[in-house]
Amino acid sequence: MTRNTCTPGQTNDTASSSTTGPDGLVQQKSEFSPSVTLFALDSLGPNGSAELRRSPRKRAKIEYDESAIEDSHLEVARVSPLIALKNKIAQGKGKDSSKGQGQRRRPEEKIANTSRRAKGKAKVSSTPVKAKAKAKPKTPKAIPSTLANPHPAPEHWEEVYDLIKDMRSRIVAPVDTMGCDQAQYKESEPRNRRFATLVSLMLSSQTKDEVTDAAVTKLRAAVGGTLSIENVINADNDTIAEAINKVGFWRRKTEYIKQTALKLRSSFSSDVPKTVDELCSLPGVGPKMAFLALQVAWDLNHGIGVDVHVHRITNRLGWHRRPTKTPEETRLNLQSWLPKDRHREINHMLVGFGQVVCTPVNPKCGECVLSTNGLCPSARVVSEKDGKKKVTTVAGSRKRKVKIELEGDDGTGETRIKLEEALKDETLIKMEDTGVKVEGFD
């Protein structure tokens, strides 16, 4: 069917012919461009507007074959090397990290899972899974007792030893009345005596004997009047810390004492062990404490307990071929040449001597007979003359004497050191710096 239609603003004279198609649309040429075709609805409503009609709604049911989908996924994974690589990476990550519930899986993981389902059954490893073995307790490192090359005995050591022992017999030092061996006398039970000795040694590190003795007394009262392993275990850390907070490193020692008490109960039948290696396996216990604990608690002489006093004095006396740097090095040197019957007494003797006479700072060489007899290479004499302070150090043995005089500032800003050796020529050395340090002297 054909009829003439016109667009708005167009008359019938100028309208071109139109054609109605089977779909109800009217086609006509545009008056502005002959190459443009205009379409319009054939039917108009009552009000002159075009009526829009909805086509009948149709429902379609889509069915799919899961096996076909799985086959397509397998084919994609097989053909594409990139997807195969992603699947391999995803499987590796799945072994290292667990996924939370409800977490969405990645597309490549879905393909990998589909591939596993397509195979019909999962692979089961034939290798049995080994249970993780419990970590074995570390074997305590053995404490050395001898040197491969024994240290030679120093010259005149017996004479020096006997003179110090004689001086020591006339000195009452803090170690005599407040030393670690005194803690046992306030306990009646033998086990408690041994434990009190060990605790006193643990507290004595970096602490003066006076402070250590007061801390042991306060700790005994804080845990119930008896310094036993059970009382220390039952006491809380705050109680122990409050009692020993005057000693050096008291926070660390609080933990050490509690841990040591627990280990003594679990591993040593609530008693102090009888070997150096077992004692050194306890928290906060070193070789010096172990040797002294065996001497005092068990009356066993297995070595020399070397503390800062023994280490300092033996180096001042020149008893080491080369100055030792650690107490352990000093101990091994001494044990290689000092007779064993003196291993036990040397600690107590030199500690008291170092507390009173051969002190760390400003030693009292004027009160020491070793200085007057020329047996101490570190001996020195301090004197004042004309308002100037002089420090005279006599170095060497009886065979060779070197006299060193350190004179104060004479107004020129210089310090003079005068050396005299075997009554030979005097040598004057001028130093620009008035603070002179002579190596080898404290």
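Q: Which helix gives the most to the lining of the second largest cavity?
A: H7 does, with five residues. The model is a predicted one.

Q: What makes a residue part of the lining of the second largest cavity?
A: A lining residue has an atom within 4 Å of a grid point of the cavity. Met178, Gly179, Gln182, Ala183, Lys186, Ser200, Thr212, Asp213, Val216, Thr217 and Arg220 line the second largest cavity. By class, three of these are nonpolar, five polar and three charged.

Q: What makes a space a pocket and not a cavity?
A: In a cavity the probe fits but cannot get out, whereas a pocket is an open set of points with protein on both sides within 12 Å along at least five of seven lines. The largest pocket has a volume of about 1,100 Å³. Its lining has 42 residues, and the closest to its centre are Ser204, Lys288, Leu292, Asp307 and Val351.

Q: Which helices supply at least two residues each to the lining of the largest pocket?
A: They are helix H5 (174–178), H6, H7, H12, H13, helix H14 (327–337) and helix H15 (345–356). H12 gives the most, with seven residues.

Q: Why is Gly303 called buried?
A: The relative accessible area of Gly303 is 0%, and buried means under 20%. Gly303 therefore counts as buried. Its place is in the loop between H12 and helix H13 (308–316).

Q: What is Gly303 in contact with, beyond its neighbours within four places in sequence?
A: Gly303 is in contact with Phe291, Gln295, Gln335 and His343. Gly303 and Leu292 are 11 residues apart in sequence, and their C-alpha atoms are 8.4 Å apart in space.

Q: Why is Asp299 called exposed?
A: Its relative accessible area is 53%, and exposed means over 50%. Asp299 is therefore exposed. Asp299 is found in the loop between H12 and H13, and it has a positive phi of about 60° although it is not a glycine.

Q: Why is Gln206 called exposed?
A: At 64% relative accessible area, Gln206 passes the cut-off of over 50%, so the term applies. The place of Gln206 is in the loop between H6 and H7.

Q: What is the phi of Gln206?
A: Phi of Gln206 is near 60°, a positive value in a residue other than glycine.

Q: Why does Ser371 count as buried?
A: The relative accessibility of Ser371 is 17%. Buried means under 20%, so Ser371 counts as buried. Ser371 is found in helix H16 (residues 369–372), and it touches Cys365 and Ala379, not counting residues up to four places away in sequence.

Q: What makes a set of residues a nonpolar core?
A: The residues must be buried, belong to the nonpolar types that count for a core, and be joined through side-chain atoms within 4.5 Å. The largest nonpolar core has 38 residues, and those with the most contacts inside it are Phe195, Leu198, Leu203, Leu219, Leu227, Ile244 and Leu279. Among the elements that give two or more residues to this core are helix H6 (190–204), helix H7 (209–222) and helix H10 (250–267). The largest share, seven residues, comes from H6.

Q: Which residues is Leu198 in contact with, leaving aside its neighbours within four places in sequence?
A: Leu198 is in contact with Thr260, Leu264, Val272, Leu279, Leu282 and Val285.

Q: How many of the residues of the protein count as buried?
A: Of the 442 residues, 34% count as buried. The protein exposes about 29,100 Å², and carbon and sulfur atoms supply 52% of it.

Notes. Residues are numbered from 1 along each chain as its sequence is written. This is a predicted model: local features need pLDDT of at least 70, side-chain atom pairs count only at pLDDT 80 or more; totals for chains, interfaces and linings use all residues. Side-chain values use heavy atoms; hydrogens and water are left out. Buried means under 20% relative accessible area, exposed over 50%, partly exposed in between (1.4 Å probe, protein chains only). Helices (H or I, at least four residues) and strands (E, at least two) are DSSP runs, numbered from the N terminus. Contact means heavy atoms within 4.5 Å. Accessible areas come from the Shrake-Rupley method with a 1.4 Å probe; for residues, only the protein chains shown count as cover. On a 1 Å grid over the protein atoms alone, a cavity is a set of points where a 1.4 Å probe fits but cannot get out, and a pocket is an open set with protein on both sides within 12 Å along at least five of seven lines; lining residues have an atom within 4 Å of a point. Grid points are joined across faces, edges and corners, and a volume is the space filled by probe spheres set on the points. Ala, Val, Leu, Ile, Met, Phe, Trp, Tyr, Cys and Pro count as nonpolar, Asp, Glu, Lys and Arg as charged, and the others, Gly among them, as polar.
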